[in-house]
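Below is a short briefing on one protein chain. Please read it alongside the sequence and the coordinates.

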Amino acid sequence: MPFLDLQNKIGIDVDKWMLLQSSKQPFCQAGRCHSFEKDWVECVHGIGAIRAKKECKVEFEDFLECMHRTKTLERLSAIREQKKKLEKEGKYKAPDFSEDKNTP
């Protein structure tokens, strides 16, 4: 334990820069991906970097997907492309929301 806690005196927390979701959140609500990060950190804790890459791969991929949403965005773009393709073929017509009967 240090004699002077400079991090708290200055108002920075260098230790938590690596773990974004674990940092202090506004209104004391957990971050969006906090649970995925927690699972990954619990898996990695104490086993070393080399073993962690192999054994905690699933947890890390889940955490990255939650943070960056890459698979979700790829799926959304595939759905949009399919919709455009069906519209060109004349098999699908998007509803006209300007009319009263098609109001969502």
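Directly after helix α5 comes G90, with a positive phi near 85 degrees. Helices (H or I, at least four residues) and strands (E, at least two) are DSSP runs, numbered from the N terminus. The model is a predicted one: local features need pLDDT of at least 70, side-chain atom pairs count only at pLDDT 80 or more, and totals for chains, interfaces and linings use all residues. Residues are numbered from 1 along each chain as its sequence is written, and side-chain values use heavy atoms, with hydrogens and water left out.

- Helix α5 covers residues 70-89, and its 20 residues should span 28 Å at 1.5 Å a residue; the expected span is 1.5 Å times one less than the number of residues.
- The end C-alpha atoms of α5 are 29 Å apart, which agrees with that expectation.
- R69 sits in the loop between α4 and α5.
- The phi of R69 is positive, about 55 degrees, although R69 is not a glycine.
- Most residues other than glycine have a negative phi.
- R69 is partly exposed, at a relative accessible area of 35% (buried means under 20%, exposed over 50%, partly exposed in between, with a 1.4 Å probe and protein chains only).

**Overall composition**

- The protein has 5 helices and 0 strands, in the order α-α-α-α-α along the sequence.
- Of the 104 residues, 10% are buried.
- Among contacts (heavy atoms within 4.5 Å) with a separation of 6 or more, 27% join residues 24 or more positions apart.

**Aromatic cluster**

- There are 2 aromatic pairs; rings of Phe, Tyr and Trp (its six-membered ring) pair if their centres lie within 6.5 Å, and planes under 30 degrees apart count as stacked, over 60 as edge-to-face and the rest as tilted.
- W40 and F60 make a tilted pair, with 5.1 Å centre to centre and 45 degrees between the planes.
- This pair links distant parts of the chain, with W40 in helix α2 (residues 34-44) and F60 in helix α4 (residues 57-68), 20 residues apart.
- W40 and F63 make a stacked pair, with 5.9 Å centre to centre and 15 degrees between the planes.
- That pair also links α2 to α4, at 23 residues apart.
- W40, F60 and F63 form one aromatic cluster, in which W40 and F63 are buried and F60 is partly exposed at 32% relative accessible area.

**Charged side chains**

- The model contains 2 salt bridges (a side-chain nitrogen of Lys or Arg within 4 Å of a carboxyl oxygen of Asp or Glu).
- E55 and R51 form a salt bridge, their closest N and O atoms 3.0 Å apart.
- Both residues lie in helix α3 (residues 49-55), 4 residues apart, or about one turn of the helix.
- E55 is partly exposed at 46% relative accessibility, and R51 is partly exposed at 44%.
- E89 and K91 form a salt bridge at 3.5 Å, N to O.
- E89 is partly exposed at 43%, whereas K91 is exposed at 65%.
- E65, in helix α4, is buried yet has no salt bridge.
- The nearest side chain of opposite charge to E65 is K71, 5.4 Å away (Lys and Arg count as positive and Asp and Glu as negative; His and the chain ends are not counted).
- Leaving aside neighbours within four places in sequence, E65 is in contact with T70, K71 and T72.
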